[in-house]
Amino acid sequence: MIDEEYRRQNRAAWDRLSDGSQFAHRATDEECLDPIKTLDGRGWLPKSVAGMDVLCLASGGGWQSILYAAAGARVTVVDLSEGMLSLDEREAARRRLSVKTIHASMDDLSMLEDQSFDIVHQPVSTCYVPDLLRVYSEIARVCRDGGVYISQHKQPTSAQITHRNERNHFVIGIEYYHEGPLPRTEDTSYRERGAVEYLHRWDELVGGLCRSGFVIEDLREPRRADPKAPVEHFGYRGRFIPPYVRMKARRLPRTTQPEPRTPQIWIP
C-alpha cells in the first residue's frame with residue numbers, strides 16, 4: 001500500500017470518528033480546572049507547563065490540546081483528520097485559548113522546525129503508519145535536548161488476535177513478523193472501523209525509540225481488565241491481553257563535534 005493510500009483511508013476513517021464517537025471527547029470544565037492532573041496521573045509532566053512549547057501529535061479531538069493550553073502552554077496539534085482538528089479549533093475558540101492546528105501525518109513533520117518543542121505528547125496512533133522509526137526520527141528532530149516524549153501504543157500481541165474459539169480462548173492468528181497492513185479480523189475489540197493498521201514489534205516500539213535518541217524513563221501497561229465484563233466486551237479481553245503500552249522518554253543531548261584545535265606554536 002503506497003503512502004498516500006494508507007493516509008487517505010485513515011483520514012477518511014478518523015473524519016467519520018470525529019462525528020460524535022468516543023474518540024471525540026472534548027475537555028470538560030471540571031477537567032480544565034486542574035489540567036495537569038487530568039493529563040498526567042503518573043507524575044511524568046512538570047508541575048507547570050506554562051510557557052512551554054507542546055506538540056500534541058496525532059491527538060486531534062478537542063481534549064489534549066485544550067488541557068495543555070488551559071495550563072498555559074504554547075500548543076501545536078498535528079493530526080491527519082481535518083474533522084478531529086476542527087474540534088480543537090472550535091473548543092479553543094469557545095474557551096478563548098490559543099491552539100495552532102496543522103493538518104499533516106505524524107510521519108512527516110517537515111513543516112516544523114528542528115528542536116522546537118519541550119514536550120511531545122502522543123496518544124495511541126502509531127499503529128496507523130507502516131514505518132514507526134520514521135515517526136520516531138521526526139519526533140527526535142523536533143524535540144529539544146532534554147525534552148519529554150510521552151506516548152501510548154498498541155501492544156503487538158493485541159494486534160495479533162483474530163478471534164475467540166469455541167472455548168472463548170483468544171487466538172493469535174497473525175504472525176509476529178507480519179508485514180504490511182493488518183488483515184480484517186473477527187475480533188475488533190481494539191480496532192477502529194475503516195482504519196488501516198500495522199503491527200509494530202517490541203524491537204521497534206522500545207528499541208527503535210532508544211536508537212532514535214531517547215532514553216526511556218518509565219513504562220506502564222494501562223489496565224483494561226474488567227472481571228464483570230461479558231466475553232464479547234473489550235474489558236473481558238483485557239483480562240488476558242494487555243492492549244496498550246505507555247512510555248515516558250527523554251531526548252538525549254545531541255552530540256556535537258569538537259571544534260578543531262588551532263596548533264600552538266611555541267615561541268622562546
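Me: What should I keep in mind about the numbering and the model?
Reply: Residues are numbered from 1 along each chain as its sequence is written, and side-chain values use heavy atoms, with hydrogens and water left out. Because this is a predicted model, local features need pLDDT of at least 70 and side-chain atom pairs count only at pLDDT 80 or more, whereas totals for chains, interfaces and linings use all residues.

Me: Is Ser105 buried or exposed?
Reply: Buried means under 20% relative accessible area, exposed over 50%, and partly exposed in between, with a 1.4 Å probe and protein chains only. Ser105 counts as buried because its relative accessibility is 8%, and Asp29 counts as exposed because its value is 53%.

Me: Which side chains make polar contacts with the side chain of Ser105?
Reply: A polar contact is a pair of N or O atoms within 3.5 Å; within protein, one must be able to donate a hydrogen and the other to accept it, and residues adjacent in sequence count only if both atoms are side-chain atoms. The side chain of Ser105 has such a contact with that of Arg7 at 3.5 Å and with that of Asp107 at 2.4 Å. The side chain of Asp29 pairs in this way with that of Arg95, at 2.9 Å.

Me: Where does Asp29 lie, and which residues does Asp29 touch?
Reply: Helices (H or I, at least four residues) and strands (E, at least two) are DSSP runs, numbered from the N terminus, and Asp29 is in helix H2, residues 29–33. Contact means heavy atoms within 4.5 Å; leaving out residues up to four places away in sequence, Asp29 touches Arg94 and Arg95.

Me: Which residues touch the most other members of the largest nonpolar core?
Reply: In soluble globular proteins, nonpolar side chains tend to be buried together. A nonpolar core is a set of buried Ala, Val, Leu, Ile, Met, Phe, Trp, Tyr and Cys residues joined through side-chain atoms within 4.5 Å. Here the largest one has 29 residues, of which Leu55, Leu57, Val78, Leu112 and Phe214 touch the most other members. Its largest share, six residues, comes from H6, which spans 132–142. Beyond residues up to four places away in sequence, Leu112 touches Leu55, Val78, Ile102, Phe117, Arg141 and Val142. A second, separate core of 23 residues includes Leu45, Ala71, Val99 and Ile119.
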